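Take a moment with the sequence and the 3D view below.

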Amino acid sequence: MGFCNLSELDRAASDALSEIAAESGVDVKECYQCGKCAAGCPVAASADVDCRGVIRLLQIGDVDRVLTLQMPWLCLGCGVCLARCPQSIDLPALNTAICRYEMKRGIAAEREGEAFMNIFLDNVEAKGVSDETMLAMRYNLQTGHLFQDVANSPRMLSRGLLSGNGYKPAGGPDVKRIVHDIRAGEGGTK
Ligand code: SF4
Ligand code: SF4
């Protein structure tokens with residue numbers, strides 16, 4: 001983060017920890033590292049550090065390392081960790097707070113994750129439903145993965161997985177309004 005000396009580093013790390021704690025409502029000191037969260041997390045095996053590791057790094061104040069992790073961006077918000085945690089620590093909220101902290105400062109550790117989230121939300125805000133065709137096209141163009149879905153496209157088309165354009169869900173206008181209001185309330189995530 002480009003700090004000059006230890007006291008500045010301590011202050012910056014402390015400010016970051018306070019902001020992430022305030023936004024998530026999580027007190028990292030309450031975690032006793034039992035690992036029940038990571039044992040049930042569906043993305044732990046694919047992540048650089050699992051959810052227990054994220055909270056451990058915050059406990060020791062290693063904010064710089066936390067802000068380079070993929071894990072907060074990979075979090076699905078499924079809540080399995082929260083359901084298993086004997087301390088009811090809200091790890092999905094913690095991961096979201098870390099991502100927001102990074103986005104606010106333009107230091108998102110996982111640029112492709114940020115790009116995917118923004119394109120997905122643009123999509124749902126505009127249509128009230130996820131349009132997978134548009135999502136894949138915009139994401140692949142923006143991230144430079146131009147041909148990554150070409151091989152799968154025929155199969156996805158045959159199964160109707162790329163037909164989001166024509167689908168109009170009953171609650172679409174409500175979904176649009178809700179997503180719009182949330183994003184406006186956050187000052188925008190774009
Ligand atoms: S389950 Fe809860 S207490 Fe145990 S390591 Fe995970 S967050 Fe910490
Ligand atoms: S909410 Fe996130 S961290 Fe928790 S189990 Fe699901 S994917 Fe893992």
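Is Ile20 buried or exposed? Ile20 is buried, because its relative accessible area is 3% and the cut-off for buried is under 20%. Keep in mind that this is a predicted model.

Where does Ile20 sit? Its place is in helix H1. Look next at what surrounds the side chain. Leaving aside residues up to four places away in sequence, Ile20 touches Leu94, Ala97, Ile98 and Tyr101. Cys99 gives a sense of the distance along the chain. Ile20 and Cys99 are 79 residues apart in sequence. Their C-alpha atoms are separated by 9.4 Å.

Now step back to the whole protein. There are 11 helices and zero strands. Read from the N terminus on, the elements run α-α-α-α-α-α-α-α-α-α-α. The protein has 190 residues, and buried residues make up 36% of them. The accessible surface comes to about 10800 Å². Carbon and sulfur atoms hold 56% of that surface.

Return to helix H1, this time for its charges. Side chains of opposite charge can pair when their charged atoms come close. Glu23 forms a salt bridge with Lys104, and the closest N and O atoms are 3.7 Å apart. This pair links distant parts of the chain. Glu23 belongs to helix H1, residues 6–24, and Lys104 to helix H7, residues 91–104. The two are 81 residues apart. How accessible are the partners? Glu23 counts as partly exposed, at 34% relative accessibility. Lys104 counts as exposed, because its relative accessibility is 53% and the cut-off for exposed is over 50%. Glu19, Glu23, Arg100, Lys104 and Arg105 are linked in a network of salt bridges. A search of the whole structure finds 10 salt bridges.

H8 covers residues 111–127, and H9 covers residues 132–143. Their axes come within 10 Å and cross at roughly 145 degrees. The crossing is right-handed. Which residues in H8 and H9 meet? From H8 come Glu112, Ala115, Phe116, Ile119, Phe120, Asp122 and Asn123. From H9 come Met134, Leu135, Arg138, Tyr139, Gln142 and Thr143. The residues of this contact divide into seven nonpolar, three polar and three charged.

Two of the residues in this contact deserve a second look. The side chains of Asp122 and Arg138 meet in a salt bridge, at 3.3 Å from N to O. This pair too links distant parts of the chain, with Asp122 in helix H8 and Arg138 in helix H9, 16 residues apart. Asp122 is buried, with a relative accessible area of 18%. Arg138 is partly exposed, with a relative accessible area of 33%.

Asp131 forms a salt bridge with Lys127, and their closest N and O atoms are 2.8 Å apart. Is Asp131 buried or exposed? Asp131 is buried, with a relative accessible area of 0%. Lys127 counts as partly exposed, at 32% relative accessibility.

Key. Residues are numbered from 1 along each chain as its sequence is written. Chains are lettered from A and ligands numbered from 1 in the order in which they are written. This is a predicted model: local features need pLDDT of at least 70, side-chain atom pairs count only at pLDDT 80 or more; totals for chains, interfaces and linings use all residues. Side-chain values use heavy atoms; hydrogens and water are left out. Axes are lines fitted to C-alpha atoms, for helices over the stretch in contact, and angles run from 0 to 180 degrees between N-to-C directions. Helices (H or I, at least four residues) and strands (E, at least two) are DSSP runs, numbered from the N terminus. A crossing is left-handed if the near helix is turned anticlockwise from the far one by less than a right angle, and right-handed if clockwise. Contact means heavy atoms within 4.5 Å. Ala, Val, Leu, Ile, Met, Phe, Trp, Tyr, Cys and Pro count as nonpolar, Asp, Glu, Lys and Arg as charged, and the others, Gly among them, as polar. A salt bridge is a side-chain nitrogen of Lys or Arg within 4 Å of a carboxyl oxygen of Asp or Glu. Buried means under 20% relative accessible area, exposed over 50%, partly exposed in between (1.4 Å probe, protein chains only). Accessible areas come from the Shrake-Rupley method with a 1.4 Å probe; for residues, only the protein chains shown count as cover.
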